[in-house]
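The following note sets out points for a colleague reading this structure.

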Amino acid sequence: MPLKIAIASGKGGTGKTTIAVNLYYFIHELWSKNIQLIDCDVEEPDDAIFFPGAVKETEKNVLQLIPAIDNDKCTFCRQCVEYCEFNAIVIIPPVKFAEVDGSLCHSCGACLVACQYNAITEEPASIGKISWYLTGSGNGLMEGRLKIGSTMQTMVIRKLKKELANGNEIIIFDAPPGTSCPVVNTVADADYIILVTEPTPFGLYDLKLTVEMLKTMDKPHGVIVNKAGLGNKEIYQYLRKENIELLGEIPYNKEYAVKYAAGELLNNIPEEYKDYYSEIIGKLKHKLS
Amino acid sequence: MDEITILSGKGGTGKTTLAAALTSIAENAVFCDSDVDAADLHLILQPEIKEEYTYDGGWVVSVNKEKCTGCGICLDYCRFDAVQYNENGEIEINPFQCEGCRLCERVCPVQAITSIRNRNNHWYVSDTRFGPLVHAKMGPGEENSGKLVTQVRKKAAEIALNMNARFIITDGPPGIGCPVIASLTGTGKVLLVTESTMSGLHDAQRLVDLVHMFNIKVYAVINKYDINCEVTRVIEKYLHENNIPVAGKIPFHADIVKAMINKKTIVEYKPESEVTGIIRDVWGKIKHN
């Protein structure tokens, strides 16, 4: 079984993607060549931006099964409406109207069980794409990309996780921001979660929410403080008080921010960054292998 | 009455900082935080809670071990891999995989499965020094965030109607998935906050494509525009080609973080600063159009 490490944060923009991409690069250098990066932020997948030379190896549609109601067979009994927990079915008996709202449907199959007249069948609809990029080192990047307008981000994440390459020794999940179901699904099967935060009041508050979530899931975790030096010290007091491991600190660096802005994270990485990451990887290795 | 919704696609571009600044400029306005899974606006506005409500979250499903015969019918029907046998051979529901469709409960031949609503979501109506605020705290890992967004926005609209307010300013969530779609439906205009990074641009483009599906007018603010001025030019070109007016360009400034640490908006913390002046202009441009 590969070792699965998820990179998460409650607050957006703390540096999840920067750290996921760098960890992919440095783990490949220092720990294992059999590594794959999985971009689970399917609403806004950005990891590919930082591999400008990457080649798309495969691309697949992600399909969701949406029920369709056959008006000739339907008796408008509304049993399917009763079964549907997502209010995705509208049946108006007097006018013999029966329709499924695909944007609300979770494809659970309950309506098919409900219907005793075989009036419901399922048809596939696209909700996004899964792409595999070869990045020149390791097993590359798998990206999930939600179709614009779809609300099925969690389903895309689940299908993405079923497409992982065989033979990986280490897998890195780059999670979406927040603390709701897409994040839960990203970290659910991870062995360890790295929380990326920044030393500001927003960073701290959202970190606390995420720690609360991971505690209810009973998931081991540690913290990287990114943009260190930018805000205040409260975050360190919190980590000490809660006994949460500080895996490392990455100082705010204006020049590196300029390169990040242009998508050039992995070009001419400053010497001190190599040190930060090798220290973090040393700790992970000790802890997880 | 006009609702202005602040969105970004990418997290951490400065939505809440800008929303907070606008609360101290806009007169006769109601405020709403629709980023329900990592709400931060209250950290600046320090609300005094007047009304507290519980919101029904997803279903929590449990199996009665006395009744369960272990037949596994529920496991066959579950499409989310949430039903499993534990090491003692008993049927168990994994709450993090469960979508709450209740099909297992319906197909169980001995009625061994029951569901109760998670009562872990709360939302509030509060007073702040600038006007009323409607906000929420979602339970960790919850899945009904879209519906909770709709609830807080509905209340904000009701309050605005009662007090004859001119504006609702809504601080939105990152991404383009269900909570964003729930934040967009029926709003008057979108204020897009982007930053001068390729990720900021990529994510803004996906958001703009989504907003245009709803035929809603978009105004843009380029935050931290001086991090990489070349990238800012690329963003300006994109915005121009898509008829999105740039309402302002805000430089990166340490005062913005200091204001946050002091629980103040930048307008309160540095009323005469360049950044405050730019934000006042932004408000002037969007409030009349």
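This is a predicted model: local features need pLDDT of at least 70, side-chain atom pairs count only at pLDDT 80 or more; totals for chains, interfaces and linings use all residues.

1. Overall build of chain B. The C-alpha trace of chain B spans about 70 × 45 × 35 Å along its principal axes, and its secondary structure amounts to 11 helices and 13 strands. Chain B has 289 residues, of which 54% count as buried. Among contacts in chain B with a separation of 6 or more, 76% come from residues 24 or more positions apart.

2. Domains of chain A. Chain A is likewise divided, into domain 1 (3–51 + 135–288) and domain 2 (64–126). Here the domain centres, again over C-alpha atoms, stand 40 Å apart.

3. The contact between the chains. Chain B contributes 50 residues to the contact and chain A contributes 50 residues. On the side of chain B that touches chain A, the elements giving two or more residues are α4 (103–107), α5 (145–162), α6 (178–184), α7 (198–213) and α9 (254–261) of chain B. Of these, α7(B) gives the most, with 8 residues. By residue class, this side of chain B divides into 21 nonpolar, 17 polar and 12 charged.

4. The sheet of chain A. Chain A holds an open sheet of 9 strands with mixed pairing, in the order β3-β6-β7-β2-β8-β1-β9-β10-β11. At its edges stand β3 (55–69) and β11 (245–251) of chain A; each has a single partner strand, so one side of each is left without a neighbour in the sheet. From one strand to the next the twist averages 20 degrees.

5. Strands β1 and β9 of chain A. Strand β1 (residues 3–8) of chain A runs parallel to β9 (residues 192–197) of chain A, and 4 bridges join them. Ile7(A) has Ile194(A) in β9(A) as its bridge partner. Helix α6 (residues 201–217) of chain A packs on the sheet and touches β1, β9 and β10 (221–228) of chain A, its direction making about 165 degrees with that of β9(A).

6. Strand β7 of chain A. How many of the residues in β7 (residues 141–146) of chain A are buried? The count is 6 of 6. In a regular strand the side chains alternate between the two faces of the sheet. In β7(A), Leu141(A), Glu143(A) and Arg145(A) lie on one side and Met142(A), Gly144(A) and Leu146(A) on the other, and both faces are covered.

7. Partners of β7(A). With strand β2 (residues 35–39) of chain A, β7(A) pairs in the parallel sense over 3 bridges, and Ile38(A) has Met142(A) as its bridge partner. With strand β6 (residues 120–134) of chain A, the pairing of β7(A) is antiparallel over 6 bridges; Tyr133(A) stands opposite Leu141(A). β6(A) and β7(A) form a hairpin with 6 residues between them, and Gly136(A) in the turn has a positive phi of about 95 degrees.

8. Cys84(A) lies in the loop between α2 (79–83) and β4 (89–92) of chain A. Why does Cys84(A) count as buried? There are 23 other C-beta atoms within 10 Å of Cys84(A), and the cut-off for a buried residue is 20 or more. Beyond its neighbours within four places in sequence, Cys84(A) is in contact with Ile89(A), Ala110(A) and Cys111(A). The C-alpha atoms of Cys84(A) and His106(A), which are 22 residues apart along the chain, are separated by 9.4 Å.

Key. Residues are numbered from 1 along each chain as its sequence is written. Chains are lettered from A and ligands numbered from 1 in the order in which they are written. A residue is buried if 20 or more other C-beta atoms lie within 10 Å of its own, exposed if 12 or fewer, and partly exposed in between; C-beta atoms are placed from the backbone. Two residues are in contact if their C-beta atoms, placed from the backbone, lie within 7 Å. Two strands pair if DSSP finds at least two bridges between them. Axes are lines fitted to C-alpha atoms, for helices over the stretch in contact, and angles run from 0 to 180 degrees between N-to-C directions. Domain bounds come from an automatic or database domain assignment. Ala, Val, Leu, Ile, Met, Phe, Trp, Tyr, Cys and Pro count as nonpolar, Asp, Glu, Lys and Arg as charged, and the others, Gly among them, as polar.
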